[in-house]
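Please open the structure in your viewer and keep the selection panel at hand.

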Amino acid sequence: MSAEADILCKYKTIAVVGLSNNDALPAYSVAKYMQDAGYRIIPVNPNETQVLGEKAYSDIVSIPEQVEIVDIFRRPEYVGAVVADAIAAGAKAVWMQQGIINKEAAANARAAGLEVVMDECIRTWHRRLQATLQ
């Protein structure tokens with residue numbers, strides 16, 4: 001099993017950094033898909049109070065429950081700070097969406113014991129996983 005599929009099988013709580021109520025953005029449609037697939041979505045966006053029926057938090061460390069996957073929809077230059085928060089919050093994995101590459105942040109996450117996926121879409125991987133299970 002690939003590392004991506006393994007993460008999706010093991011973990012069910014996803015903090016989505018950059019998720020807003022703008023349904024025209026990829027973060028919204030991807031998070032909605034994952035929510036519909038049975039994952040718990042926790043929006044992380046200081047400009048929102050609620051997204052997809054869930055309370056939004058200004059940052060990862062403010063979330064009062066265990067975050068397993070931190071799904072990042074932010075430009076690469078902001079990923080380092082997000083990963084630092086993910087480490088501080090005790091997340092299990094960081095997932096940088098397609099087009100997002102930050103090798104230094106990935107190395108920091110791995111050094112802290114987190115699983116890392118970079119430059120991949122979580123929805124695409126979930127669809128692949130579902131196809132193999134049917």
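Contact, as the word is used on this tour, means heavy atoms within 4.5 Å. The model on display is predicted.

**The sheet**

Begin by selecting β1, β2, β5, β6 and β7, the five strands of an open sheet. Their order across the sheet is β2-β1-β5-β6-β7, and the pairing is parallel. Averaged over the sheet and with direction ignored, neighbouring strands are turned by 20 degrees against each other. The edges are held by β2 (40-44) and β7 (115-117); each has a single partner strand, so one side of each lacks a neighbour in the sheet.

Remain with β2. Although β2 stands at an edge, four of its five residues are buried, so the rest of the structure largely encloses this strand. It runs parallel to β1, to which five bridges join it.

Next, select β1 together with β5 (residues 69-72), which pair in the parallel sense over four bridges. Here Ile14 has Ile69 of β5 as its bridge partner.

**The nonpolar cores**

Select Leu8, Ile14, Leu19, Met34, Ile69, Trp95 and Ile122. These residues have the most contacts inside the largest nonpolar core, which has 25 residues. At least two residues of this core come from each of α1 (3-10), β1 (13-17), α2 (26-36), β6 (93-96) and α5 (122-133). The most is given by α2, with five residues.

Return to Ile122 and display its surroundings. Which residues is Ile122 in contact with, leaving aside its neighbours within four places in sequence? They are Leu8, Ile14, Val30, Met34, Ile69, Asp71, Trp95 and Gln97.

**Two crossing helices**

Select α1 and α5. Their axes come within 10 Å and cross at roughly 85 degrees. That angle makes α1 roughly perpendicular to α5, because angles of 65 to 115 degrees count as such. On the α1 side, show Glu4, Ala5, Leu8 and Cys9; on the α5 side, the residues that they meet are Ile122, Trp125, His126 and Leu129.

**The cysteines**

How many disulfides does the structure hold? The number is zero. The sulfur of Cys121 is 16 Å from the closest cysteine sulfur, in Cys9, which is too far for a bond; a disulfide requires sulfur atoms within 2.5 Å.

**The loop between β6 and α4**

Select Gln97, in the loop between β6 and α4 (103-111). Gln97 is buried, its relative accessible area being 4%. With residues up to four places away in sequence not counted, Gln97 touches Val30, Asp71, Ile72, Phe73, Asp119, Glu120, Cys121 and Ile122.

Move along this loop to Ile101, which is also located between β6 and α4. Ile101 is partly exposed, with a relative accessible area of 42%. Under the same exclusion of residues up to four places away, Ile101 touches Pro76, Met118 and Asp119. Select the C-alpha atoms of Ile101 and Glu120 as well: these residues are 19 apart along the chain, and the atoms are separated by 9.5 Å.

Most residues other than glycine have a negative phi.

Select Asp119 in the loop between β7 and α5. Its phi is positive, about 65 degrees, although Asp119 is not a glycine. This residue is partly exposed, with a relative accessible area of 32%.

Finally, select Leu52, in the loop between β3 (50-51) and β4 (54-55). Leu52 has a positive phi near 55 degrees. Leu52 is buried, because its relative accessible area is 16% and the limit for buried residues is under 20%.

Definitions and conventions. Residues are numbered from 1 along each chain as its sequence is written. This is a predicted model: local features need pLDDT of at least 70, side-chain atom pairs count only at pLDDT 80 or more; totals for chains, interfaces and linings use all residues. Side-chain values use heavy atoms; hydrogens and water are left out. A nonpolar core is a set of buried Ala, Val, Leu, Ile, Met, Phe, Trp, Tyr and Cys residues joined through side-chain atoms within 4.5 Å. Buried means under 20% relative accessible area, exposed over 50%, partly exposed in between (1.4 Å probe, protein chains only). Two strands pair if DSSP finds at least two bridges between them. Axes are lines fitted to C-alpha atoms, for helices over the stretch in contact, and angles run from 0 to 180 degrees between N-to-C directions. Angles under 35 degrees count as roughly parallel, over 145 as roughly antiparallel, 65 to 115 as roughly perpendicular and the rest as oblique.
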